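Here's a quick tour of a structure that may be new to you. Have a look at the sequence and the model before reading on.

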Amino acid sequence: MTEPRPAGPSRRAVKTTGTLPPEGSAAALGRDHALPVRQWPITLVLLVVGAGLAVTWFADFKDGFKYGLLILGCGVLLGAVLRLVLPEVGMLAVRSRFTDVIVLTFLGASIVLLTLVAQPNPWLQIPLLDNIGQLMGRPKH
């Protein structure tokens, strides 16, 4: 059996204390600049990724989606390089520098590698993938 709550003031949320922002999360430039300029590392990465998405979406030529995805993957890898090299990257910093660089490098390299082996007519041939395909019953190319 549960007892009814006493009628009274509701409990207030406790403010979290002791949580520090990630290292290097200060703005790359001072307050005298506009926000996109102050946060130029994340702005640059988003512009490159956006350009890759636009090329992927609007490409009207053979293998156009591959070029767009390569641009997108290189944009993510650019974010990893900026996070590694620059002391202050603003909103590009999410976790520790080590974690951000590892995650961005893994994601960017995965996008690039998967783009290079995408069918039809992959730009990179990996024999192991053909062997795996044969195990699944796919004919060898």
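This is a predicted model: local features need pLDDT of at least 70, side-chain atom pairs count only at pLDDT 80 or more; totals for chains, interfaces and linings use all residues.

Residues are numbered from 1 along each chain as its sequence is written, and side-chain values use heavy atoms, leaving out hydrogens and water.

Helices are DSSP runs (H or I, at least four residues), numbered from the N terminus. The expected span of a helix is 1.5 Å times one less than its number of residues.

| Helix | Residues | End-to-end C-alpha distance | Expected span |
|---|---|---|---|
| α3 | 22 residues | 31 Å | 32 Å |

Let's start with α4. Its buried residues (under 20% relative accessible area, 1.4 Å probe, protein chains only) are R97, D100, V101, L104, G108, V112 and T115. They cover an arc of only 95° around the axis, so they sit on the same side of α4; the arc is taken from the directions from the helix axis to the C-beta atoms. Facing away from that side are F98, F106 and L114, which are exposed, meaning over 50%.

Part of the cover over α4's buried residues comes from α3. In α3, the buried residues include L70, L72, V76 and L82, and its buried residues pack against α2 and α4.

Finally, Q39 lies in the loop between α1 and α2. Q39 is buried, at 9% relative accessible area. Setting aside residues up to four places away in sequence, Q39 touches A27, V89, G90 and M91, where contact means heavy atoms within 4.5 Å.

Note on methods
Helices (H or I, at least four residues) and strands (E, at least two) are DSSP runs, numbered from the N terminus.
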